Amino acid sequence: MSDHPRDRFDLKPSLEAETAFVDAQDRGRLHHAWLLCGPEGVGKATFAYRAARRLLGAAPDPTRGPLGARPDDAVSQLVSARSHPDLLVLERLVEGGKTKKSISVEQARDLPEFFSKSPSQATHRVAIIDTADDLNINAANALLKVLEEPPERGVLFLISHAPGRLLPTIRSRCRRLAFPPWPQAEVAALVRRMTDLPEDEAERIAGMARGSPGAALDLASAASLETERLARDWVEAPAIDRAEQLAIADGFRGAEGQARFEALLDRLAAAVKVRALTGGAGGEAWAGLWSRLTDLPERAAAINLDRGDLLASALADLARVKAMSR
């Protein structure tokens, strides 16, 4: 996507979740830990930052939903700049250009110290863990100690794509908010609202996103134009760069990775279709390849095959067809 969840002000992930949170706050029953559950890309992190801004004192903006805040407010700007002293965000670190595989225990140990201090500018101190799924076992145990002794005027948001994998003792100490996949029509409407894409293209992207607005906006970004170029180049080039192929396959993890995988195969199938319809040598072979590529995403989802392996298989199939057409 073109922006980070901390910079989104107009995307309202879940009216039900926001209403529940505001109601708890208004009744003075604000839980100290909130477990935000749902598929990747449905707006859990966006919700966490929306709630954090309001807890930290950002001026409300009702036109942007129950947890809406003004982007020009000083609190909002500090959050966007990652410099608010009462907000701590734990996420996988990037070192040497590579993202770590997990959130370490050293990072998790920042939580007790953070919550031991009084808020410096706001009424609360807020921590966001994005995602709790990334905590290694020692980090999860360090988090548990914080949950067992709720911090005064502290609120913790745990984002999880797979809450069943978390320690039961962590789940039991949090209030859960569910973020279900969006209906396809709502995803398409969001794409149309946020981009200048025509209705049919927005519907196509919404279908590939499978209820994930984040994945849909990612597909609708300039990256989708690069996907289109890449697919055409693969069909027309004499050979495919192996390093490039591996780098692309590395981005197929998670829900947004699934959407990228389907988008790439969709554009590759479209480029193959154009080649099949031009006639000439190997027309039937190109048509057969087009049919196989069209069916591949559905077969992959049904039997949960590795997407990188499937891409390699599809490109090997493409290379065979190109060889037959020479």
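Buried means under 20% relative accessible area. The views below come from a predicted model.

**View 1**
Ser76 lies in helix α3, which covers residues 74-80. Because the relative accessibility of Ser76 is 0%, this residue counts as buried. Leaving aside residues up to four places away in sequence, Ser76 touches Phe9, Arg53, Ala58, Ala69, Arg70 and Pro71.

**View 2. The open sheet of five strands.**
The strands of this sheet are arranged in the order β2-β5-β6-β1-β7, and their pairing is parallel. β2 (87-90) and β7 (175-178) are the edge strands; each has a single partner strand, so one side of each has no neighbour in the sheet. On average, and with direction ignored, neighbouring strands are turned by 20 degrees against each other. Helix α2 (residues 44-55) packs on the sheet and touches β1 (33-37), β2, β5, β6 and β7. The direction of helix α2 makes about 170 degrees with that of β6.

**View 3. Strand β5 and its two partners.**
Strand β5 (residues 125-130) pairs with strand β6 (residues 154-160) in the parallel sense, over six bridges. Within this pair, Arg125 is opposite Gly154 of β6, and Ile128 has Phe157 of β6 as its bridge partner. β5 is also joined to β2 by four bridges, and these two strands run parallel. There, Leu90 stands opposite Ile129 of β5.

**View 4. Side chains along strand β5.**
β5 is mostly covered, with six of its six residues buried. Arg125, Ala127 and Ile129 point one way from the strand. Val126, Ile128 and Asp130 point the other way. Among the buried residues of β5 are thus the charged residues Arg125 and Asp130.

**View 5. The crossing of helices α8 and α9.**
Two packed helices are described by the angle between their axes and the distance between the axes. For helix α8 (residues 184-194) and helix α9 (residues 199-209), the axes come within 8 Å and cross at roughly 130 degrees. This angle makes α8 oblique to α9. The crossing of α8 past α9 is right-handed.

**View 6. Residues in the contact between α8 and α9.**
On the α8 side, the contact involves Gln184, Val187, Ala188, Val191 and Arg192. They meet Glu199, Ala202, Glu203, Ile205, Ala206, Gly207 and Ala209 in α9. Sorted by class, this contact has seven nonpolar, two polar and three charged residues.

Definitions and conventions: Residues are numbered from 1 along each chain as its sequence is written. This is a predicted model: local features need pLDDT of at least 70, side-chain atom pairs count only at pLDDT 80 or more; totals for chains, interfaces and linings use all residues. Side-chain values use heavy atoms; hydrogens and water are left out. Axes are lines fitted to C-alpha atoms, for helices over the stretch in contact, and angles run from 0 to 180 degrees between N-to-C directions. Angles under 35 degrees count as roughly parallel, over 145 as roughly antiparallel, 65 to 115 as roughly perpendicular and the rest as oblique. A crossing is left-handed if the near helix is turned anticlockwise from the far one by less than a right angle, and right-handed if clockwise. Contact means heavy atoms within 4.5 Å. Two strands pair if DSSP finds at least two bridges between them. Buried means under 20% relative accessible area, exposed over 50%, partly exposed in between (1.4 Å probe, protein chains only).
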